[in-house]
Amino acid sequence: MKISKKIVLSASVSLVSAFTFAQTLEEGIINIDSHKYAKAKQIFSDMVAKTPSAENYFYLGNAYLTQNEPNFTAAAENFNQGLALDKKSFLNRIGLASVKLGKGDKSGIADIQNIVTESKSKDAEVLFRAGEALTIFEKTNNPDLAVDFITKAIEKVKGGVPAYYYYSLGDAYRLKISTAPQVAGAAMSAYDNALPIAKNKASVYTRMGTLWMAAQKWELAQENINKAIQAAPTYAPAYKARAAYNIRYQENAAATQDLLNYAKYADEDPETQLEISKLFFTNEDYANSKSTLDKIFDKVQDPIKYKLRSYIQYSEGDYADAKESMNTFISQADKSRVLAADQGLLGLIAAGLAKDEADEAKKSALIAESQAKLMIAKNAKDQTLNWDDELAKIVGGITEDAVKTGPTSEAITNLNKKVIENPKDTDALFQLAIEYQNVENWNGAVLTWKKMENLLPDWAPAYYSEGYALQRAGNNEMAKTAYEKFISVVKPEEVAANKDTLAYAYFAVAYLEKDTNIEKAKLYVAKSLELNPTYEDAVNLNQQLSQ
């Protein structure tokens, strides 16, 4: 059979176009994975300009959806543009369902299931994007469905499976770890499958490293993150992961350097720089956080900038401006983006304002507001900040400056040098806390015991000692919280060995609650006497409460 030259040329052009599309699409995906969102959006925008197809509009919309702070408006605009070209477009319908999920609307899960059913699970990319959509947003994810859809996508691929299909499957599995720790092996297997075929090995090594971090296998975590940086020294997420590792070990200087490298290799677009400012704040590097935010503040349209500025102003003790910034965020942001932590911060701000308020009526109102808003964060079990510790700093003035101006000794100076050299030296920290107590520098003791708690969160004596130091410092509210934490951390098999300290902790809480919560005071003094029936102070308090 004779084939015309025209047909041959047309076929060749089609093959080249398909190859170019796949290559360009992969470049965009790699840039998203590398946290170069502006570059990725430019690639997808160029694809739309050249070929305004439903698929290209989806990829552009998805870039807006998966950036550090999703832009739901821009994402939805592009998905709707895609649907205007093809009203049946499964990808763009998945995109709109993802916007629902991002805004906290769980009906998006059913939408995605219906789209997959309607597609008859024939298209690998539709299955993959359906699975991916169910992993993006923490509060509305569905890892079981995500694993199912991405697994089917891998089975449907004709030709080579893209590496990002495998590592996205691993990402979906790891979302299940909190409820099913055994799936960590399945996640690692998916990453193992991605590694040989991934053009960017750093992407996979970084995921392996953070998976080991989740499993608290710190040496393996560090080993894999270092492999990622060796494989691709400009891969920004590896530095972000290593910063998290260093923050965990209170290696703040090393974490700052990692964040500077992350800033260097990630995009310089305002949205990414906003994320970098947040990371500096997490590392308690408020100077870099503020300078980064100030550089891009007027370029960012997202109201989240006001929230971040509020946190920075709060850290500086500028409570009035912090309140104004947070209220601006709340007034401008979609309601789904206002979190319990935002109310918690407003509670701390109210406590700060109350401290210097001369008018007793206004002071009482601010204290009541503070307690109510802090309770919102604590009831939601939010851990953005340690709410009790932050309140202690405001009410009790427990700060590093207060420690430095307090009593000291040669032993304290020498031990502080040891702790600076090795912040994880728990023996030195223990001795330092004791020395602070010996010279009655209770602020120093409190902050040092807290450092012990960060390193050894299950070591109960640190919480008891913190409570004692707080009580001696006159900070009874925080002392009560520390004693209750001590009580909760003591394991059943440790009760016999800790009878006396437990008896005192229960008594101390009862004593501090007697004027505000008599029923709780009665319950706690009874537990104190159960542990030590001859404890005279507890016996006397019990008689007083029984009258």
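Helices (H or I, at least four residues) and strands (E, at least two) are DSSP runs, numbered from the N terminus. The model on screen is predicted, and local features need pLDDT of at least 70, side-chain atom pairs count only at pLDDT 80 or more, while totals for chains, interfaces and linings use all residues. Residues are numbered from 1 along each chain as its sequence is written, and side-chain values use heavy atoms, with hydrogens and water left out.

**Whole chain**

Start with everything shown. The chain has 30 helices and zero strands. Its C-alpha trace spans about 110 × 50 × 45 Å along the principal axes. Of the 547 residues, 50% count as buried (buried means under 20% relative accessible area, exposed over 50%, partly exposed in between, with a 1.4 Å probe and protein chains only).

**Helices H6 and H7**

Select residues 107–119, helix H6, and residues 124–133, helix H7. Their axes come within 10 Å and cross at roughly 170°. That crossing makes H6 roughly antiparallel to H7. Here axes are lines fitted to C-alpha atoms, for helices over the stretch in contact, and angles run from 0 to 180 degrees between N-to-C directions; under 35 degrees counts as roughly parallel, over 145 as roughly antiparallel, 65 to 115 as roughly perpendicular and the rest as oblique.

Now show side chains. Ile112, Val116 and Ser119 of H6 meet Val126, Leu127, Ala130 and Ala133 of H7 (contact means heavy atoms within 4.5 Å).

**Two loop residues**

Next select Lys120, in the loop between H6 and H7. Its phi is near 60°, a positive value in a residue other than glycine. Most residues other than glycine have a negative phi. Is Lys120 buried or exposed? At 62% relative accessibility, Lys120 counts as exposed.

Then go to Lys381, in the loop between helix H20 (360–379) and helix H21 (387–396). Lys381 is not a glycine either, yet has a positive phi of about 55°. Lys381 is exposed, with a relative accessible area of 69%.

**The cores**

A nonpolar core is a set of buried Ala, Val, Leu, Ile, Met, Phe, Trp, Tyr and Cys residues joined through side-chain atoms within 4.5 Å. The largest one has 91 residues, and Phe44, Ile112, Leu134, Phe149, Tyr165 and Val204 have the most contacts inside it. Helix H9 (residues 163–174) gives the largest share of this core, eight residues.

Zoom in on Val204. Leaving aside residues up to four places away in sequence, Val204 touches Tyr167, Tyr191, Ala194, Leu195 and Ala198. Finally, select Leu429, Leu470, Ala508 and Val509, which are among the 49 residues of a second, separate core.
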